[in-house]
Amino acid sequence: MAHGTRGDRASSDEVRIEVPQGLSFELHGPLLCYPKPDPSEFSRRVSEMSRLGVRGLILGGPKEIGRFRILGKGCTSLVIKAEAAEGMAALKVRRIDANRPSMAREAELLALANRAGIGPRLMGASENFLLMEFVEGYDISSLLDSSLEMGPGPEALRSALRALLLDAFKLDSIGLDHGELSRADGHIMIARDGKPFILDFESASVNRRPSNLASLAHYLFLSRRSGGLASTLGRPDRKALIEALREYKMGPSIERFRKVMRILGLGEGKEI
Ligand SMILES: Nc1ncnc2c1ncn2[C@@H]1O[C@H](COP(=O)(O)OP(=O)(O)O)[C@@H](O)[C@H]1O
Ligand SMILES: [Mg+2]
């Protein structure tokens with residue numbers, strides 16, 4: 001996929017629905033009450049969403065729900081682009097069949113990440129919704145898949161990766177384990193200005209030993225998917241990288257983080 005393809009396509013056939021006036025159970029039931037719409041749950045959720053400050057839903061994106069398109073669909077929620085009082089937002093809507101009672105825990109963990117400057121800014125949360133800053137950009141997987149001509153140049157790529165690995169180190173430092181960075185597809189977006197955003201703190205925890213940096217470095221540079229980056233940046237010394245990550249995991253420190261960054265050819269990480 002070419003960078004920006006998703007965003008461009010979404011904006012060309014986006015449909016805006018005014019909240020709450022433009023919403024009807026018949027048409028939009030499946031968006032707010034997926035997968036089994038119920039009229040009274042729908043009207044409760046419309047009020048709940050209005051109270052959060054959602055003024056419009058912007059339908060568009062790569063996933064299809066009936067006749068509508070949205071940003072994402074997972075096992076516990078749908079993600080819909082939305083217009084909020086504070087600006088463009090991504091609205092995470094709890095599925096009716098979700099195995100969690102509310103969005104509160106995820107909101108708490110995202111707020112914790114936000115305090116370290118990580119993740120999309122949390123705008124609000126309620127039982128069934130999580131509202132956050134909308135990230136305009138592309139998924140990390142397209143960096144791994146695309147060829148050099150389609151991707152950002154090596155310098156832009158290096159600077160995005162530097163910022164991303166620094167975020168992973170910061171998460172390790174505050175004891176917040178994301179939990180899904182070894183399969184980071186769909187969990188990291190790179191904004192148009194190159195700023196990385198780690199998404200989806202649903203599976204995050206403060207009760208595990210964090211392994212954000214090691215998991216992410218593995219995904220980017222050691223997994224079977226890592227050929228894409230290597231074609232732009234060259235291959236890092238695999239043995240040295242594995243050894244440095246092992247040391248880092250035994251006792252994370254800024255020195256050991258810098259060593260990993262050196263082996264990756266991404267400088268010393270001196271910006272922290
Ligand atoms: N803040 C955001 N800005 C833009 N797109 C987002 C945002 N949050 C999520 N998405 C999109 O929605 C997808 C699913 O998000 P995620 O939080 O993983 O939901 P789920 O856990 O239900 O899969 C992401 O891969 C991304 O494409
Ligand atoms: Mg997810």
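Mentor: Helix 6 (residues 154–173) and helix 7 cross at roughly 150°, and their axes come within 7 Å. Helices here are DSSP runs of H or I with at least four residues, strands are runs of E with at least two, and both are numbered from the N terminus. Axes are lines fitted to C-alpha atoms, for helices over the stretch in contact, and angles run from 0 to 180 degrees between N-to-C directions. Helix 6 and helix 7 are therefore roughly antiparallel to each other; angles over 145 degrees count as roughly antiparallel, under 35 as roughly parallel, 65 to 115 as roughly perpendicular and the rest as oblique. This is a predicted model, in which local features need pLDDT of at least 70, side-chain atom pairs count only at pLDDT 80 or more, and totals for chains, interfaces and linings use all residues. Residues are numbered from 1 along each chain as its sequence is written, chains are lettered from A and ligands numbered from 1 in the order in which they are written, and side-chain values use heavy atoms, with hydrogens and water left out.

From helix 6, the contact (heavy atoms within 4.5 Å) takes in Leu161, Leu164, Leu165, Ala168, Leu171 and Asp172. Helix 7 brings Asn212, Leu213, Leu216, Ala217, Leu220 and Phe221 to it. By class, this contact of helix 6 with helix 7 has 10 nonpolar, 1 polar and 1 charged residues. Ala, Val, Leu, Ile, Met, Phe, Trp, Tyr, Cys and Pro count as nonpolar, Asp, Glu, Lys and Arg as charged, and the others, Gly among them, as polar.

Helix 7 (residues 212–222) also packs with helix 9 (residues 238–250), at an angle of about 170° and with the axes 10 Å apart. That angle makes helix 7 roughly antiparallel to helix 9. Here Leu213, Ala214, Ala217, Phe221 and Leu222 of helix 7 meet Arg238, Leu241, Ile242, Leu245, Tyr248 and Lys249 of helix 9. The residues of this contact of helix 7 with helix 9 divide into 9 nonpolar, no polar and 2 charged.

The loop between strand 12 (196–198) and helix 7 holds Asp200. Phi of Asp200 is near 65°, a positive value in a residue other than glycine.

An N or O atom in the side chain of Lys92 is 2.7 Å from an oxygen atom of ligand 1, and a backbone N or O atom of Glu133 lies 2.9 Å from a nitrogen atom of ligand 1.

Key:
Polar contact = N/O pair within 3.5 Å; in protein donor to acceptor, adjacent residues only side chain to side chain.
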